[in-house]
Amino acid sequence: MSDIHANSVAFVRKTEIPPAPPPYAATGPVKWLRENLFATPANSLLTIAALYVIWLILSGALPWIANGIWTTSSLTECRQALDGVAGACFSVLTERWNQLLFGFQYPSEFYWRPTLALVLLFVAAAPVLFFDLPRKLLVFTAVYPFIAFWLIWGGTILTPILALAGVIAGALVYQRLVTGSFAYGFFGGIIAAFIVWTVGGWIIPAGASDSAMLTAVPSRDLGGFMLNMMLGVTCVTLSVPIGIALALGRQSSMPLIKMICVVFIEFIRGVPLITLLFVASVMLAYFFPPESTLDLFLRVVIMITMFSSAYIAEVIRGGLAALPKGQYEAADSLGLDYPQAMRLIILPQALKISIPGIVNIAVGLFKDTTLVSVIGMFDIVGMIRGPILASTEWNGVYWELLGFASVLFFIVCYGISQYSQWLERRLATDHR
Amino acid sequence: MTTLTDPPQGSFRLSMLINDTRYRSLTFQAIALLLLIVSIAYLANNLFANLAAAGLNIAYDFLGTPAGYDINQTLVEYNSRSTHARAALVGILNTLLVAFLSCVMATVFGVLAGVLRLSNNWLVAKLMSFYVEIFRNIPVLIWIIIIFTIMTAVMPAPRAFRGDEPEASMLLGLVAFTNRGIYIPAPVWGPGSLVVVATFIVSIVGVIGYRRYATNLLYSTGKLLPTGWPSLAILFVPTILMFYIMGRPIGLDIPELGGFNFRGGIQVGAPLIALWFALSIYTGAFIAENVRAGIQAVSKGQTEAASALGLRPGRVMKLVVLPQALRVIIPPLISQYLNITKNSSLAIAVGYADITATLGGITLNQTGRAIECVLLLMLFYLTISLLISAVMNVYNNAVKLKER
Amino acid sequence: MKKNVILGALTVAGLSAGAAAAGTLDDVKARGTLNCGVNTGLVGFAAPDANGEWKGVDVAVCRAVAAAVLNDPTAVEFVPTTGKTRFTALASGEIDMLSRVTTWTFSRDVDLKFTFVGVNYYDGQGFMVPKALGVSSARELDGATVCVQTGTTTELNLADFFRTNNISYEPVPVETTAEGQQQYLAGSCDTYTTDASALAATRASFEAPGDHVILPEIISKEPLGPLVRHGDDEWADVVRWTLNALITAEELGVTSANLDEMAANSENPEVARLLGTEGTLGEMLGLDAAWAKRAIAAEGNYGEIFARHIGEETPIGLARGLNAQWTDGGLLYSPPFR
């Protein structure tokens, strides 16, 4: 057979032909360009339009940034140094660097204190953000708020120690009583903490702050980007537990508690933050006893916390609603009571679902801290629009300052949202 | 023979209030009610004590007194002798105006960016995600200030238009971009213009009727009528014809430089533009994400099934993908509209006379009635939000998947 | 976590505050600092300098009061207030006194329940325009765009002025002096109107002050002065007489330089009463005898304060005008110390 075949066919290739390289146009960058940029005529038009936009932006911005001047001490000098060339006067940033970051009233010899607090913030936040770190670091996280408070405000160290003592006492009482009933533990803990604070309040001598290791800084001296960071961190931290409580209250079967939570949440979500800040700046003082004066920072913290906790409550409510009913029923059938079921079964899952939403709220809240400039606080926007742009030297340097503020916010907010996406992938246990 | 006794009843112990599920919820509610009453009483007591100590009272009479200040952009008749209530009305209308304009423009930006972000074109998709990330991660207040600064510091002053060789000139001789705003021609309604407008309205009705007819024809006979060009023709041809038949009754009042400013035409103030544009472009970035999520939420099987039925790509989008995507897009879209309305209160940063700037700003400052003004302000925004939420609930119920 | 800190701090703060007495004077003494509301930034009247230290005429009044009451002119906590927050801050007790170029008007005094303790600057509202505009009178401003600070009496005067002269204008409301200055310089308004002194101060901070003129019309009376809450007359007396002490000191020729010498040697009985070497005026006020001496020592007498912050030697360059002593044809007329 093979002979016949061999005879009837002149040549039979015995080896496989090596695959030919694809045509030039279907490979490498050309193929990528054709598929991704010039697939159809309409697409090509879009590409050209996009290229034009990019060129417009870059041709304006790049020389402006590259020609930037960093070392003059006023706008006039900067204009002279630029000599008619389009360029930025970044020297306003170098000259007013401290004012932009710390405000104009924070004592300059103490700048290390908020800086250290910021560095410690990263240390304290790390074990919360990354689960692989040793759990023991959480102890530092728990102590951090007290350290940060002391570093930034200064004054007698007794105040943060007393506050910490109250928390520890509360936690101990809670642990002792919670075995009996969650309610006993919860209320017992709160009462214990308050007793410690009240008693401690009498013990701390009135003039303790004067001879303290760190000089006390009143909170109206806070300013600049530091103020935005502090408001953002404090209010988000505070509003998560309040938000959880509100969300649970709104899901509650007790009509009165449900009603209180619904009214609160809907009211807060229905009004703009700026009206709440007006409340803080012009109204809230009337609601406290005449002799106690809450400073503006604290009033703003209260209002922003209320604001964000209402939004976080709605996000968590979404998480609770997304859980299959079987989870609730399973918890019931195991004989867990309500606090146990919530702590052990429902909330861990609901919070996991809610993380992207909570992070969105946190980012939004951080951006909204700029609104305090409207009520006369000198955060970074307030500093730019007030003392810096009004000064004789820097009257008219808008873009450098606004650009700087934008970059700061972009770095923080983009960083947080990237972290949230990473976390979402990490926590996606159900699809494995 | 009444030997029957009550079933043994455990005597009531105080601890049952917490440990017995029958009483526990009552206990908690009682505690909550008590706390609520105590805290409200505490706050109210402080309020009245403070007000009494300061010799103040809560009264709303000031709303009826002359406001005494002028407002630069008003939709209704207003002067400095009008009342504070009237000033508040001007503010309300201005809030609604900027909110409406921003909602429309934000939707346009958002839909464009959201669709383009899914484009096959790599460059365009990247450019759009760049837009979304940049605008979402920088506070809206900074955007408002940036755009306001562009309006006031970069645009030419009206006096730049003066002289024989002006530094700036009007676009097409019709529109003037100045640092006080944009001046556009205003229509002048001459006699007979009513007929033209009426014709236009009739044309709109005609277009709707024609489209209905085309759909009915398609469903009953399967015949496909073209809709695009005929609609346009019906919309414009009769109106334009009527415009010339009536002897061009609608003219244009073109803004002219006179005195310090342009006169005539319609002035769209710089604060309004800054607020409008900043809110639109900022919220547009969020809407783009909603639109993208909505389109991606429609499973690929739907598109493939539609194609398998022989529908062309345009019809696949129109008849299959969009109706399903809209169900996902519209609820967050409405809450973005709500956000726009609330964010419009930032008008105060650029001096746009919205409700926060008139009632919550100047009136509050001039009368010193802080509590009253802030309460009214909150009441207004609350009403708007509840209205928008109500609309959203109606919509959600209408499009809810009918579960059987 | 953080909540507890603030609650703890609150508890501590609340208790220490609760222990204080009711009167403002006692409160200030117990606290050790004076909370004084000032402008967020108006050069010459109240503005932080490059080192963040507050300077200006209004600030000097606060310092004088602090020196009189607390024996320390630096024991002042300056609270920057805006047009919106100033009255609430005072009414709610956040600040003890407001010294923020605030016009003394009937409704503020009677309806808002504040006590104006005197006048530290007699002012009037004026207009500033760029020279290039070629305007020489405010009546030529028909159709102009006017930058005006909201929440001030200027806003109302402006409306009245244009209304009575039957000319039109377009207001551009601004929140702060800084903002008004930026808008005006950017050309988004033709003219900037506020108190003439503030106009001069603003113009002084321009790069080219010569390119701008202040129009001759003064369209209103603006007596600016410090104010306190109604109903605490002891405290009002302290602030009122501290201000009067500064004015009287100038009238009697007492300056910060010759203060000790005058106290020791002056033959004039009124000087002796003022400086506490004779009589018990300080005691009547609830202070010690040397209260006025310290107030004058803080930043000098009224004339010295004026000259240092807004006088003709400064970039602001205001003449004394109405603010001269009555003996020099001005309006400053302090009641006698007797």
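User: How many residues of domain 1 of chain C are in contact with domain 2 of chain C?
Analyst: We're looking at a predicted model: local features need pLDDT of at least 70, side-chain atom pairs count only at pLDDT 80 or more, and totals for chains, interfaces and linings use all residues. Residues are numbered from 1 along each chain as its sequence is written, while chains are lettered from A and ligands numbered from 1 in the order in which they are written. "In contact" says that two C-beta atoms, placed from the backbone, lie within 7 Å. Domain 2 of chain C brings 17 residues to these contacts, and the number from domain 1 of chain C is 17.

User: How many charged residues does that side of domain 1 have?
Analyst: Here Ala, Val, Leu, Ile, Met, Phe, Trp, Tyr, Cys and Pro count as nonpolar, Asp, Glu, Lys and Arg as charged, and the others, Gly among them, as polar. The side of domain 1 of chain C that touches domain 2 has eight nonpolar residues and eight polar ones, and the charged count is one.

User: What distance separates the centres of those two domains?
Analyst: Domain 1 of chain C covers 24-120 + 225-328, and domain 2 covers 123-222; these bounds come from an automatic or database domain assignment. Taken over C-alpha atoms, the centres are separated by 29 Å.

User: Which helix gives the most to the side of chain A that touches chain B?
Analyst: Across this interface, 46 residues of chain A are in contact with 48 of chain B. Helices are DSSP runs (H or I, at least four residues) numbered from the N terminus. On chain A, α3, α12, α13 and α18 each supply at least two residues. With eight residues, the top contributor is α18(A).

User: Which chain A helix do the buried residues of α4(B) pack against?
Analyst: Those buried residues include L123(B), V124(B) and Y131(B). Within chain B, they pack against α3 and α8; from chain A, the partner is α3.

Key
A residue is buried if 20 or more other C-beta atoms lie within 10 Å of its own, exposed if 12 or fewer, and partly exposed in between; C-beta atoms are placed from the backbone.
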